[in-house]
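Please look through the sequence and the model below, and then work through the questions one at a time.

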Amino acid sequence: NGITGFVVGESSEKSPSDFLSNKDVLVYGDKIVLKIENAQLKNYDSTGSMLPTLDESVNGITIKPNSENEISVGDIISFRLGEDVIVHRIIDKGVDEFGTFFITKGDNSLVADSEKVRFEEIEGVVVGLLY
């Protein structure tokens, strides 16, 4: 694949949380309506770190979580790292002397991200993907 340090298609990570119940998906003959409060539609840069889950052709439906209790291991989050917005999966959640933290990793990466992510850095949680 030409990308050093990544393994395509291998992920033993936990699946994301269920954010949408069947009663919130309305199917009509000519359309599907998803009832998701405060949802935003996002697109992604092709960095390779989240292949095969995300690339530039995927549209993501995201919400802004109200608390760290709404975020679980397996969820895909977007967060700020300096000037960049990173979209990675949560592989661990813990508590230290500063409060709750999340450890993230790209699905296509061999190693976890080096920085702990705090709730206030999280911009959104992916609740759906449209391919």
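Q: Does Thr100 count as buried or exposed?
A: This is a predicted model, and within it Thr100 is found in strand 7. Leaving out residues up to four places away in sequence, Thr100 touches Glu68, Lys93, Gly94, Val95, Val117 and Arg118. The cut-off for a buried residue is under 20% relative accessible area, and because Thr100 has a relative accessibility of 17%, it counts as buried.

Q: How far apart in space are Thr100 and Pro52, C-alpha to C-alpha?
A: Thr100 belongs to strand 7, whereas Pro52 lies in the loop between strand 3 and strand 4. The two residues are 48 residues apart in sequence, and the distance between them in space, C-alpha to C-alpha, is 29 Å.

Q: In what order do the 7 strands of the open sheet stand?
A: Several of the pairings can be followed one by one: strand 3 and strand 4 pair in the antiparallel sense over 4 bridges, and strand 4 and strand 9 pair in the antiparallel sense over 5 bridges. Further along, 6 bridges join strand 5 to strand 6, and 7 bridges join strand 6 to strand 7. The edge strands, each of which pairs on one side only, are strand 3 and strand 8. With antiparallel pairing, the order of the open sheet is 3-4-9-5-6-7-8.

Q: Which residue of strand 4 is the bridge partner of Gln40?
A: Strand 4 is joined by 4 bridges to strand 3, and 4 of the 5 residues of strand 4 are buried. For Gln40, the bridge partner in strand 4 is Thr62.

Q: Which residue takes a positive phi in the hairpin of strand 5 and strand 6?
A: Strand 5 and strand 6 run antiparallel and are joined by 6 bridges, and one of the pairs is Arg80 with its bridge partner in strand 6, Val85. The hairpin has 2 residues between the strands, and the residue with a positive phi, near 65 degrees, is Gly82.

Q: Which residue of strand 7 stands opposite Asp96?
A: Strand 6 and strand 7 form a hairpin with 2 residues between them, and 7 bridges join these antiparallel strands. Among the facing residues, Ile90 stands opposite Thr104, while the residue opposite Asp96 is Gly99.

Q: Which strand gives the most residues to the lining of the largest pocket?
A: The largest pocket has a volume of about 640 Å³, and its lining of 34 residues has Ser78, Phe79, Val85, Ile86 and Val87 nearest the centre. By class, this lining has 11 nonpolar, 12 polar and 11 charged residues. The elements that give two or more residues to it are strand 3, strand 4, strand 5, strand 6 and strand 9. With 5 residues, the strand that gives the most is strand 6.

Q: What is the relative accessibility of Thr53?
A: The place of Thr53 is in the loop between strand 3 and strand 4. Leaving aside neighbours within four places in sequence, Thr53 is in contact with Val58, Ile76, Arg89, Asp107, Leu129 and Tyr131. Thr53 counts as buried because its relative accessibility is 17%.

Note on methods:
Residues are numbered from 1 along each chain as its sequence is written. This is a predicted model: local features need pLDDT of at least 70, side-chain atom pairs count only at pLDDT 80 or more; totals for chains, interfaces and linings use all residues. Side-chain values use heavy atoms; hydrogens and water are left out. On a 1 Å grid over the protein atoms alone, a cavity is a set of points where a 1.4 Å probe fits but cannot get out, and a pocket is an open set with protein on both sides within 12 Å along at least five of seven lines; lining residues have an atom within 4 Å of a point. Grid points are joined across faces, edges and corners, and a volume is the space filled by probe spheres set on the points. Ala, Val, Leu, Ile, Met, Phe, Trp, Tyr, Cys and Pro count as nonpolar, Asp, Glu, Lys and Arg as charged, and the others, Gly among them, as polar. Two strands pair if DSSP finds at least two bridges between them. Buried means under 20% relative accessible area, exposed over 50%, partly exposed in between (1.4 Å probe, protein chains only). Contact means heavy atoms within 4.5 Å.
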